[in-house]
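Look at the structure below and keep it in view while reading. The paragraphs that follow go through it step by step.

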Amino acid sequence: QMVDMLHNSRQNHNLVKSWMMDYGLFQGINSQNRTAIVNQFLQFVQTLTFNTDNLTIEQIKNNFTELLTKLFQTVNRSWVSATSKLLWCLYPNTIAIYDTFVHRTLAVMQCLDDDLAGFSRIGEQPSIRSTNDIQGAVQHYMNYQAMVRKLLYTHSTLLQELRVQHQETYPYDVRILDKLLWMIGNFREMY
(Lines give C-alpha, C1' and ligand atoms only; values in the text may rest on other atoms or scores of the structure.)
Protein backbone atom coordinates (compact mmCIF):
# COMPACT_ATOMS: atom_id res chain seq x y z
CA GLN A 1 0.00 0.00 0.00
CA MET A 2 2.84 2.40 0.83
CA VAL A 3 4.58 1.82 -2.50
CA ASP A 4 1.34 2.25 -4.43
CA MET A 5 0.32 5.35 -2.50
CA LEU A 6 3.68 7.04 -3.01
CA HIS A 7 3.85 6.19 -6.71
CA ASN A 8 0.36 7.46 -7.34
CA SER A 9 1.31 10.91 -6.00
CA ARG A 10 -0.99 10.66 -3.04
CA GLN A 11 -0.12 11.73 0.48
CA ASN A 12 -1.72 9.64 3.18
CA HIS A 13 -0.33 10.70 6.55
CA ASN A 14 -2.17 7.92 8.42
CA LEU A 15 -0.89 5.20 6.08
CA VAL A 16 2.71 6.36 6.48
CA LYS A 17 2.35 6.57 10.26
CA SER A 18 0.74 3.13 10.47
CA TRP A 19 3.38 1.63 8.16
CA MET A 20 6.21 3.11 10.22
CA MET A 21 4.64 1.80 13.41
CA ASP A 22 4.23 -1.68 11.89
CA TYR A 23 7.92 -1.72 11.00
CA GLY A 24 8.92 -0.64 14.52
CA LEU A 25 10.37 2.68 13.39
CA PHE A 26 8.68 4.67 16.13
CA GLN A 27 9.84 2.77 19.20
CA GLY A 28 10.41 5.24 22.01
CA ILE A 29 9.06 8.21 20.04
CA ASN A 30 6.05 10.16 21.32
CA SER A 31 2.96 10.93 19.25
CA GLN A 32 3.92 14.54 18.53
CA ASN A 33 7.34 13.53 17.20
CA ARG A 34 5.79 10.71 15.17
CA THR A 35 3.61 13.26 13.43
CA ALA A 36 6.63 15.50 12.81
CA ILE A 37 8.63 12.59 11.33
CA VAL A 38 5.79 11.62 8.98
CA ASN A 39 5.46 15.27 7.92
CA GLN A 40 9.20 15.47 7.20
CA PHE A 41 9.02 12.35 5.07
CA LEU A 42 5.98 13.54 3.10
CA GLN A 43 7.61 16.94 2.51
CA PHE A 44 10.72 15.11 1.26
CA VAL A 45 8.55 13.01 -1.10
CA GLN A 46 7.10 16.17 -2.67
CA THR A 47 10.58 17.17 -3.85
CA LEU A 48 11.14 13.92 -5.78
CA THR A 49 10.24 12.75 -9.25
CA PHE A 50 9.20 9.14 -9.82
CA ASN A 51 9.86 8.78 -13.51
CA THR A 52 12.46 6.09 -12.88
CA ASP A 53 13.56 3.59 -10.29
CA ASN A 54 17.04 3.39 -11.81
CA LEU A 55 18.82 5.85 -9.60
CA THR A 56 22.50 6.57 -9.99
CA ILE A 57 24.79 6.00 -7.03
CA GLU A 58 25.00 9.77 -6.59
CA GLN A 59 21.19 10.11 -6.54
CA ILE A 60 20.91 7.33 -3.95
CA LYS A 61 23.55 9.01 -1.83
CA ASN A 62 21.93 12.44 -2.13
CA ASN A 63 18.44 11.14 -1.32
CA PHE A 64 19.73 9.09 1.59
CA THR A 65 21.71 12.02 2.98
CA GLU A 66 18.81 14.45 2.65
CA LEU A 67 16.19 12.19 4.23
CA LEU A 68 18.50 10.97 7.00
CA THR A 69 19.39 14.57 7.86
CA LYS A 70 15.74 15.66 7.93
CA LEU A 71 14.74 12.77 10.19
CA PHE A 72 17.72 13.26 12.50
CA GLN A 73 17.06 17.00 12.83
CA THR A 74 13.45 16.23 13.76
CA VAL A 75 14.27 13.55 16.34
CA ASN A 76 17.87 12.99 17.43
CA ARG A 77 18.49 9.28 16.86
CA SER A 78 20.00 7.02 14.25
CA TRP A 79 17.57 6.76 11.36
CA VAL A 80 19.72 4.67 8.99
CA SER A 81 17.38 1.68 8.88
CA ALA A 82 14.26 3.85 8.76
CA THR A 83 15.71 5.99 5.98
CA SER A 84 16.49 2.94 3.87
CA LYS A 85 13.01 1.49 4.45
CA LEU A 86 11.29 4.73 3.49
CA LEU A 87 13.48 5.13 0.41
CA TRP A 88 12.76 1.53 -0.57
CA CYS A 89 9.05 2.43 -0.68
CA LEU A 90 9.94 5.15 -3.14
CA TYR A 91 12.44 3.13 -5.21
CA PRO A 92 11.65 -0.56 -4.60
CA ASN A 93 13.78 -1.88 -7.47
CA THR A 94 16.89 -0.02 -6.39
CA ILE A 95 17.18 0.61 -2.64
CA ALA A 96 18.49 -2.05 -0.28
CA ILE A 97 16.89 -1.99 3.16
CA TYR A 98 19.41 -1.63 5.99
CA ASP A 99 19.02 -4.30 8.65
CA THR A 100 21.36 -5.55 11.38
CA PHE A 101 20.79 -9.20 10.41
CA VAL A 102 21.71 -8.48 6.78
CA HIS A 103 24.67 -6.41 8.02
CA ARG A 104 25.84 -9.41 10.05
CA THR A 105 25.56 -11.66 7.00
CA LEU A 106 27.50 -9.25 4.80
CA ALA A 107 30.27 -8.90 7.41
CA VAL A 108 30.80 -12.68 7.36
CA MET A 109 30.35 -13.07 3.62
CA GLN A 110 32.89 -10.34 2.97
CA CYS A 111 35.54 -12.65 4.41
CA LEU A 112 34.44 -15.57 2.20
CA ASP A 113 33.14 -14.13 -1.05
CA ASP A 114 35.61 -12.78 -3.61
CA ASP A 115 32.95 -10.45 -5.03
CA LEU A 116 32.55 -8.73 -1.65
CA ALA A 117 36.18 -8.81 -0.55
CA GLY A 118 37.02 -5.80 -2.72
CA PHE A 119 34.59 -3.52 -0.87
CA SER A 120 35.60 -1.46 2.15
CA ARG A 121 35.19 -3.53 5.32
CA ILE A 122 31.61 -3.13 6.41
CA GLY A 123 32.43 -2.76 10.11
CA GLU A 124 29.92 -1.42 12.60
CA GLN A 125 27.28 1.15 11.80
CA PRO A 126 28.57 4.54 12.97
CA SER A 127 26.47 6.13 15.68
CA ILE A 128 24.86 9.47 14.89
CA ARG A 129 25.12 11.93 17.74
CA SER A 130 25.22 15.12 15.71
CA THR A 131 24.78 16.21 12.12
CA ASN A 132 28.57 15.93 11.79
CA ASP A 133 28.18 12.13 12.04
CA ILE A 134 25.71 11.85 9.16
CA GLN A 135 28.29 11.63 6.36
CA GLY A 136 29.95 8.64 8.06
CA ALA A 137 26.58 6.92 8.37
CA VAL A 138 25.82 7.67 4.72
CA GLN A 139 29.17 6.23 3.61
CA HIS A 140 28.50 3.13 5.70
CA TYR A 141 25.07 2.68 4.11
CA MET A 142 26.40 3.27 0.58
CA ASN A 143 28.99 0.52 1.09
CA TYR A 144 26.23 -1.76 2.38
CA GLN A 145 23.97 -0.82 -0.58
CA ALA A 146 26.79 -1.53 -3.05
CA MET A 147 27.46 -4.94 -1.52
CA VAL A 148 23.80 -5.96 -1.73
CA ARG A 149 23.61 -4.69 -5.31
CA LYS A 150 26.75 -6.64 -6.23
CA LEU A 151 25.22 -9.86 -4.87
CA LEU A 152 22.01 -9.10 -6.73
CA TYR A 153 23.90 -8.58 -9.99
CA THR A 154 26.06 -11.67 -9.47
CA HIS A 155 23.07 -13.90 -8.81
CA SER A 156 20.51 -12.27 -11.12
CA THR A 157 20.43 -15.22 -13.54
CA LEU A 158 19.79 -17.67 -10.72
CA LEU A 159 17.11 -15.42 -9.26
CA GLN A 160 15.40 -15.23 -12.64
CA GLU A 161 15.55 -19.02 -13.09
CA LEU A 162 14.02 -19.53 -9.64
CA ARG A 163 11.38 -16.90 -10.38
CA VAL A 164 10.29 -18.85 -13.47
CA GLN A 165 10.58 -22.26 -11.82
CA HIS A 166 8.45 -21.24 -8.82
CA GLN A 167 6.17 -18.90 -10.78
CA GLU A 168 7.10 -16.09 -8.41
CA THR A 169 5.23 -12.87 -9.11
CA TYR A 170 6.76 -10.65 -6.42
CA PRO A 171 8.47 -7.98 -8.54
CA TYR A 172 11.32 -6.72 -6.32
CA ASP A 173 14.45 -8.87 -6.55
CA VAL A 174 16.40 -6.62 -4.19
CA ARG A 175 13.83 -7.37 -1.50
CA ILE A 176 13.98 -11.13 -2.17
CA LEU A 177 17.75 -11.06 -1.78
CA ASP A 178 17.37 -8.90 1.32
CA LYS A 179 15.07 -11.51 2.87
CA LEU A 180 17.54 -14.31 2.10
CA LEU A 181 20.40 -12.37 3.67
CA TRP A 182 18.17 -11.51 6.65
CA MET A 183 17.36 -15.20 7.20
CA ILE A 184 21.06 -16.10 7.17
CA GLY A 185 21.92 -13.37 9.69
CA ASN A 186 19.00 -14.09 12.03
CA PHE A 187 20.24 -17.04 14.03
CA ARG A 188 16.87 -17.57 15.68
CA GLU A 189 15.25 -18.26 12.32
CA MET A 190 17.75 -21.02 11.61
CA TYR A 191 16.44 -23.40 14.26
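How many aromatic pairs does the structure hold? In this predicted model, there are seven aromatic pairs. A pair of aromatic rings is described by the distance of the centres and the angle of the planes. One of the pairs joins Trp88 and Tyr172: the ring centres are 5.5 Å apart and the planes stand at 85 degrees, so this pair is edge-to-face. Trp88 belongs to helix H5 (residues 80–90), whereas Tyr172 sits in the loop between helix H9 (156–165) and helix H10 (173–185), so the pair ties together parts that are 84 residues apart in sequence.

Residues under 20% relative accessible area count as buried. Trp88 has a relative accessible area of 9%, so Trp88 is buried. Tyr172 has a value of 17%, so Tyr172 is buried. Trp88 has a charged neighbour too: Arg175 lies over the face of the Trp88 ring, at 5.9 Å from the ring centre.

Elsewhere, Phe64, Tyr98, Tyr141 and Tyr144 make up one aromatic cluster.

Thr105 is part of helix H6 (residues 100–112). Is Thr105 buried or exposed? Its relative accessible area is 3%, so Thr105 is buried. Leaving aside residues up to four places away in sequence, Thr105 touches Leu181, Ile184 and Gly185. With Leu181 there is a polar approach: a polar atom of the Thr105 side chain lies 2.8 Å from the backbone oxygen of Leu181.

How values were computed: Residues numbered from 1 in each chain as written. Predicted model: local features only at pLDDT ≥ 70, side-chain atom pairs only at ≥ 80, totals over all residues. Heavy atoms only, no water. Helix = DSSP H or I, 4+ residues; strand = E, 2+ residues; numbered from the N terminus. Buried < 20%, exposed > 50% of the residue type's maximum accessible area, 1.4 Å probe, protein only. Polar contact = N/O pair within 3.5 Å; in protein donor to acceptor, adjacent residues only side chain to side chain. Contact = heavy atoms within 4.5 Å. Phe/Tyr/Trp six-rings, centres within 6.5 Å; stacked < 30°, edge-to-face > 60°. Lys NZ or Arg CZ within 6 Å of the ring centre and 35° of its normal.
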